[in-house]
Every structure is written in structure tokens, then in C-alpha cells.
Amino acid sequence: MSMTHSGHGTHSGHGTHSGHQAASGYEAVHVSREFRTLRRRHGYFAIPAIVVFLSSYFLYVVVAAFAPGFMRLNVAGEVNVGLCFGALQFATAFIITATYRRWARRNLDPLSDRLRHRLETGRRR
């Protein structure tokens with residue numbers, strides 16, 4: 001059995017509008033210029049990072065599939081080109097992650113903090 005009278009959400013209909021105010025606050029932030037800026041800035045990093053990572057991954061897969069002899073070439077002792085390519089996948093992921101953390105701290109976090117403060121204090125603008 002539902003705990004709400006209307007069967008929708010958590011609003012009980014007892015004169016409290018906190019759920020509506022919270023939704024309105026989120027909606028106000030969602031349509032704000034600052035939120036659009038935040039999403040656009042995120043895309044500036046995320047899209048190129050995704051392209052770089054997927055390109056390196058598919059290069060690895062394609063070379064492994066169509067040039068297995070090249071992947072078997074020894075680089076040093078028992079370490080071959082394929083193993084180096086595989087290790088580069090991990091290195092690429094770690095480098096992208098570390099770069100994103102530093103970039104987000106400078107470019108996203110200040111704006112995100114302002115939006116969060118605005119939402120928590122209930123300010124519309």
C-alpha cells in the first residue's frame with residue numbers, strides 16, 4: 001500500500017510544499033544559463049576524451065585482428081607489441097582520468113558549487 005494519498009511521489013497533501021519547492025529549485029537550476037554552461041563545458045572535455053580513448057581502443061582491436069604477426073613482435077624479452085598496446089589502454093584510461101580531475105576542478109567545480117549553493121539556499125537566481 002502506498003504511503004501517499006495521490007499515489008504519485010512522496011507529497012502527502014498535508015499542506016507541506018517542500019517537495020514541490022525542491023522540484024521547482026531543481027527545475028530552476030536545470031533551465032538556468034549556468035547549468036547549460038556547465039553541461040557545455042563538460043562536453044568540451046568529454047567528447048574529445050571519448051574520441052581519443054575509443055580510437056586508441058579500436059586501433060588496438062583492428063591491429064590485433066588484422067596484423068597478428070605485428071602484435072607478436074618482441075619488444076624486450078617476452079614483452080611483445082600486443083602486450084604494450086594492451087598496457088597503453090590502461091595508461092590512456094588513467095591519463096584521461098587524471099587530466100579530467102584536474103580540468104574539472106578548475107572548469108566545472110566552481111560553477112557546480114555555485115549551482116549547488118543556489119539550490120540549497122532556495123535562491124531562484
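Which residue forms a salt bridge with glutamate 34, and how far apart are the closest N and O atoms? The legends below take up this pair among other views of the structure, which is a predicted model.

**View 1. The salt bridge of glutamate 34.** Glutamate 34 pairs with arginine 118, and the closest N and O atoms of this salt bridge are 3.3 Å apart. Because glutamate 34 belongs to helix H2 and arginine 118 to helix H5, the pair ties together parts of the chain that lie 84 residues apart in sequence. Glutamate 34 is buried, with a relative accessible area of 18%, and arginine 118 is buried as well, with a relative accessible area of 5%. Arginine 118 is also among the residues touched by valine 29, together with Phe35, Leu115 and Leu119, when residues up to four places away in sequence are not counted.

**View 2. The salt bridge within helix H5.** The structure holds two salt bridges, and in the one shown here arginine 116 pairs with aspartate 113, with the closest N and O atoms 2.9 Å apart. These two residues are three apart in helix H5, so about one helical turn separates them. Arginine 116 counts as partly exposed, at 42% relative accessibility, and aspartate 113 likewise counts as partly exposed, at 40%.

**View 3. Helix H2 and its bend.** Helix H2 runs over residues 33-66, and its 34 residues reach 48 Å from the first C-alpha to the last, which is close to the 50 Å expected at 1.5 Å a residue. At glycine 43 the helix H2 bends by about 30°. Glycine 43 is itself one of the buried residues of H2, a list that also includes Glu34, Phe35, Leu38, Phe45 and Val63.

**View 4. The largest nonpolar core.** Ten residues make up this core, namely Val29, Phe35, Leu38, Phe45, Ala49, Trp103, Ala104, Leu108, Leu111 and Leu115. Two or more of them come from each of H2, helix H4 (81-107) and helix H5 (109-121), and H2 gives the most, with four residues. In soluble globular proteins, nonpolar side chains tend to be buried together.

**View 5. Confidence along the chain.** The mean pLDDT of the protein chain is 83, and 79% of its residues reach 70 or more. Among the elements, confidence is lowest in helix H1 (residues 18-30), at a mean of 66, and highest in strand E2 (residues 79-80), at 96. Over residues 1-17 the pLDDT stays under 50, and for this stretch the model has eight contacts beyond four places in sequence.

Key:
Residues numbered from 1 in each chain as written. Predicted model: local features only at pLDDT ≥ 70, side-chain atom pairs only at ≥ 80, totals over all residues. Heavy atoms only, no water. Expected span 1.5 Å × (residues − 1). Bend = angle between axes of the 7 residues up to and from the residue. Buried < 20%, exposed > 50% of the residue type's maximum accessible area, 1.4 Å probe, protein only. pLDDT = per-residue confidence, 0-100. Contact = heavy atoms within 4.5 Å. Core = buried A, V, L, I, M, F, W, Y, C linked by side-chain atoms within 4.5 Å. Salt bridge = Lys/Arg side-chain N within 4 Å of Asp/Glu carboxyl O.
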